Amino acid sequence: MRLLWKSLDKMRCLRKRSALPFMGLLLTSLLLLNLYMEDTGYVLVKAAARVHGSLPEPERYAPPIRDLSNFSSSINVTYRYLAGTPLTRKKYLTIGLSSVKRKRGNYLLETIKSIFDQSSYEELKEIVVVVHLADFDLVWCENLVQEISRKFAHHIIAGRLLVIQAPEDFYPSLDGLKRNYNDPEDRVRFRSKQNVDYAFLLNFCTNLSQFYMMLEDDVRCSRNFLTALKKVITSREGSYWVTLEFSKLGYIGKLYHSRDLPRLAHFLLMFYQEMPCDWLLIHFRGLLAQKDVIRFKPSLFQHMGYYSSYKGAENKLKDDDFEEDSLDIPDNPPANLYTNMNVFETYDATKAYSTIDEYFWGKPPATGDFFMIVFNRSTKISKIKVATGSDDRQNDVLHHGALEVGEKLVGTKKGKQCSSFITIGEFKNGNVEVQDVDRKIAFDIECIRIVVTANQKEWLIIRSISIWTTQPPSQ
């Protein structure tokens, strides 16, 4: 405890220098205090992953703080390989699925089939699917493994499919847990175990690939989803992100750097009994300094299960942004946004470029007013689409405007902007779409500007700005 008080003393000294480092240290201390005061119950054992080996009796203990100081290290758990063998080389993407026995319906086989069927032969070379059978009913697991092995034998042999299990002995106690949110005991047990299921899956997948995608076991995929993912990842090179989202539902379509998986696994285990996993993920993203959701549309994954894995309850959730053929996904490269228009309340410029359902809203614009996007780095663009107005405010469109692209960034008192622009399109009925931009413009684009060309009495909503970049030939 003396170490903790010394840490708090240091934080008091640093508080005047920077609020952000202070909050970071405070959060870290609180996490460590939580570990010190409560037995989280998860297990650390000195064992390597093995294939169908006899399992040692694990040692259960409340780990001392010094054992958890390095959250970037993996948690040592003995996994059973139920199908497949360890990979010989790293892939580009691991897709993780955790599955338990359902009282009504089972969608796992359909989900695996969709992943493989919707991928080209070249894409299949770059992915590995890891299924964690997290049910303690070993007979059910064995029967399901036999069915998976029969239907997907060639994918298992090719190293594209692994089926694993973390034995029950490695799980923390699932009895007498906190009843946060007044959930019934069986609900608390279900969601707490699910957090541990995911933590063990993430931990196993740490070194398998460059990136990791979490899906649920009742999902169908859009065609060539990997190609769409790669395009988005490439367009965001050089920018910071923790989680990219390709579905707005639950724990579906969430993408991570594999290097972050150990920390996420530790985090889920540390707070496994506190709240559902999708809520914990929001906190994790925020603690790693990604404030806003970064979600892309159309969604690449759709929830197809009708019955929940919890008590077989009906679950009719659907992602209305899903498209079966969504290869042509806008990737909106990182940028700063500026406007000289009079912004209404909190409907600021960034919300027009947001990947979630937000928009920019300004008071009546005048001739010469502008809305500008300045990219973090120059980029080749194939298509630009801007939509103004909304269903409930159809008059709040840009009645007269031009779309311009620019180059030659210069610094001004108001920030960076381009010194040279070319008009590439005019707004009609509040919208503009320009294709083949890279064929019409000789330079790499550094800015995009929307210019008001006539006064209007109506307010202006810029609902969405969608940009498609052109990938280098090697991508």
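Me: How far apart are the end C-alpha atoms of helix H7 (residues 185–204)?
Reply: They are 29 Å apart, which agrees with the 28 Å that its 20 residues should span at 1.5 Å a residue. The expected span is 1.5 Å times one less than the number of residues. This is a predicted model, where local features need pLDDT of at least 70 and side-chain atom pairs count only at pLDDT 80 or more, while totals for chains, interfaces and linings use all residues. Numbering starts from 1 along each chain as its sequence is written, and side-chain values use heavy atoms, with hydrogens and water left out.

Me: And is H7 largely enclosed or left open?
Reply: Largely enclosed by the rest of the structure, because 14 of its 20 residues are buried. Buried means under 20% relative accessible area, exposed means over 50%, and partly exposed lies in between (1.4 Å probe, protein chains only).

Me: What about helix H3, which of its residues are buried?
Reply: Leu108, Leu109, Thr111, Ile112, Ser114, Ile115 and Phe116. That makes seven of the 10 residues of H3 (108–117), so this helix is largely enclosed too.

Me: Zooming out, how many helices and strands does the chain have?
Reply: There are 11 helices and 18 strands. Both are DSSP runs numbered from the N terminus: helices are H or I with at least four residues, strands are E with at least two. Of the chain's 475 residues, 52% count as buried.

Me: OK, sheets now. In what order do the seven strands of the open sheet come?
Reply: The order is E1-E4-E3-E2-E5-E8-E7, with mixed pairing. Two strands pair if DSSP finds at least two bridges between them. Strand E1 (80–83) and strand E7 (244–245) are the edge strands, each pairing on one side only.

Me: How many bridges join E7 to E8?
Reply: Two, and E7 runs antiparallel to strand E8 (254–257). Leu244 has Leu255 in E8 as its bridge partner.

Me: Which helix lies across E2, E3, E5, E7 and E8?
Reply: Helix H8 (225–235), running at about 120° to E2 (91–99). Angles run from 0 to 180 degrees between N-to-C directions, and axes are lines fitted to C-alpha atoms, for helices over the stretch in contact. Contact means heavy atoms within 4.5 Å.

Me: Which strands stand at the edges of the five-strand sheet?
Reply: That open sheet has the order E10-E12-E17-E14-E15, with antiparallel pairing. Strand E10 (335–339) and strand E15 (415–426) stand at its edges, each with a single partner strand, so one side of each has no neighbour in the sheet. Inside it, six bridges join E14 (401–412) to E17 (445–452), and Gly406 stands opposite Cys447.

Me: Which residues touch the most other members of the largest nonpolar core?
Reply: Among its 47 residues, they are Leu93, Ile115, Leu133, Leu215, Phe246 and Phe301. A nonpolar core is a set of buried Ala, Val, Leu, Ile, Met, Phe, Trp, Tyr and Cys residues joined through side-chain atoms within 4.5 Å. H8 gives the largest share of this core, six residues. Apart from it lies another core of 45 residues, including Tyr171 and Met270.

Me: Last one: is Asn429 buried or exposed?
Reply: Asn429 counts as exposed, at 76% relative accessibility. It has a positive phi of about 55° although it is not a glycine.
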